[in-house]
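Please find below a note on the structure under review.

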Amino acid sequence: MAIIIFGGSGFIGTNLINKLKNKETIYSINSKYIYLINKKSNIKINLKKITRLLKKDKFIEAYFCSSVRYDFNKYKNKPLNVYKKNILIIINFIQFFSKLEIKKITMISSYAVYGHNRKSNCNENEIIDKNYFSKGENFYALAKHNQEQLFISFCEQINLEYNIIRLPSIFGENSSLLIKNAHVIPSLIMKLLKKPKKLDIYGTGNEEREFIYVGDLIEFLLIIRKVKPLKIINFGSSKF
């Protein structure tokens with residue numbers, strides 16, 4: 001069996017690869033390179049070679065873990081770029097997998113699709129009918145929602161089993177330590193270490209966040225590999 005991880009160099013992708021590489025053959029795809037990874041090797045390969053290799057596999061499982069999110073200042077100045085790049089990512093993903101016989105696919109999404117309406121995030125209909133996206137992350141939230149819609153349409157068109165995992169904020173090993181694009185917890189820690197007496201935050205200061213440890217997410221992904229796809233999964237308490 002082959003496993004493809006689209007966004008393998010990112011936070012979630014890296015942790016998933018570290019968990020699976022000693023047992024599975026993994027193809028890690030990022031914006032620039034493709035790597036064949038297992039417990040013995042880590043080899044860069046080209047696109048033609050990967051499609052040839054994958055056609056030999058009888059079962060291919062795939063994960064979509066890619067996401068583009070800017071730091072606050074860059075997002076404020078060029079918010080449309082966030083939407084554009086996220087949509088291009090999902091289009092590239094669909095075009096790539098349309099050429100292969102995928103058996104099962106999992107997409108990592110975000111609680112951002114629920115915007116302000118967090119208390120209703122167990123009800124799929126609430127997203128479009130009654131919800132509105134937060135002004136601070138409107139283009140990112142809209143991009144994630146549209147990613148999901150494109151992904152679902154693609155899977156249903158070819159009768160492909162799928163899961164969409166919607167996440168709150170995550171933390172843990174392999175998180176970026178570049179303060180401009182770090183996740184919330186490492187970003188706060190680095191800011192406090194740099195300026196212990198002054199902490200810059202965005203928003204009103206009254207926002208509530210839920211945090212998930214990335215190791216728990218990876219264990220959950222391994223569990224749902226063994227069961228029938230649930231399609232939409234909120235991986236969190238659904239209270240925020």
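The points that follow concern overall composition, helix packing, aromatic pairs and selected backbone positions.

1. Overall composition. The structure is a predicted model. Its secondary structure comprises eight helices and 10 strands. The chain has 240 residues, of which buried residues make up 44%. Among contacts in the chain with a separation of 6 or more, 66% are accounted for by residues 24 or more positions apart.

2. Packing of helix 4 with helix 6. Helix 4 spans residues 79-97 and helix 6 spans residues 138-157; the two pack at an angle of about 15°, and their axes are 8 Å apart. Because angles under 35 degrees count as roughly parallel, helix 4 and helix 6 are described as roughly parallel to each other. The crossing of helix 4 with helix 6 is right-handed.

3. Composition of that contact. On the side of helix 4, the residues involved are P79, L80, V82, Y83, N86, I87, I90, F93, I94 and F97, and they meet F139, Y140, L142, A143, N146, Q147, L150, F151 and F154 of helix 6. Sorted by class, this contact of helix 4 with helix 6 has 16 nonpolar and three polar residues, with no charged residues.

4. Packing of helix 1 with helix 8. Helix 1 (residues 11-20) packs against helix 8 (residues 214-224) at an angle of about 60°, with the axes 10 Å apart. Helix 1 and helix 8 are therefore oblique to each other. Their crossing is right-handed. From helix 1, F11, I12, N15, L16, K19 and L20 take part, meeting V214, L217, I218, E219, L221 and L222 in helix 8. The classes represented in this contact of helix 1 with helix 8 are nine nonpolar, one polar and two charged residues.

5. Aromatic pairs. How many aromatic pairs does the structure hold? The number is 12. One of them joins F171 and Y213 in a tilted arrangement, 5.7 Å centre to centre with 45° between the planes. This pair links distant parts of the chain, since F171 belongs to strand 8 (residues 169-171) and Y213 to strand 9 (residues 211-213), 42 residues apart. F171 has a relative accessible area of 28% and is partly exposed; Y213 is likewise partly exposed, at 29%.

6. Aromatic cluster. Ring pairs also link F6, F64, F93, F96, F97, F151 and Y162 into a cluster.

7. The loop between helix 6 and strand 7. I158 is partly exposed, with a relative accessible area of 45%. Its C-alpha atom is separated by 9.9 Å from that of I102, a residue 56 positions away along the chain. N159 lies in the loop between helix 6 and strand 7 as well. N159 has a phi near 60°, a positive value in a residue other than glycine. At 71% relative accessibility, N159 counts as exposed.

8. A further positive phi. K231 has a phi near 75°, again a positive value in a residue other than glycine. Is K231 located in a loop or in a strand? K231 is found in strand 10, which covers residues 231-234. With a relative accessibility of 43%, K231 counts as partly exposed.

How values were computed
Residues are numbered from 1 along each chain as its sequence is written. This is a predicted model: local features need pLDDT of at least 70, side-chain atom pairs count only at pLDDT 80 or more; totals for chains, interfaces and linings use all residues. Side-chain values use heavy atoms; hydrogens and water are left out. Axes are lines fitted to C-alpha atoms, for helices over the stretch in contact, and angles run from 0 to 180 degrees between N-to-C directions. Helices (H or I, at least four residues) and strands (E, at least two) are DSSP runs, numbered from the N terminus. Angles under 35 degrees count as roughly parallel, over 145 as roughly antiparallel, 65 to 115 as roughly perpendicular and the rest as oblique. A crossing is left-handed if the near helix is turned anticlockwise from the far one by less than a right angle, and right-handed if clockwise. Contact means heavy atoms within 4.5 Å. Ala, Val, Leu, Ile, Met, Phe, Trp, Tyr, Cys and Pro count as nonpolar, Asp, Glu, Lys and Arg as charged, and the others, Gly among them, as polar. Rings of Phe, Tyr and Trp (its six-membered ring) pair if their centres lie within 6.5 Å; planes under 30 degrees apart count as stacked, over 60 as edge-to-face and the rest as tilted. Buried means under 20% relative accessible area, exposed over 50%, partly exposed in between (1.4 Å probe, protein chains only).
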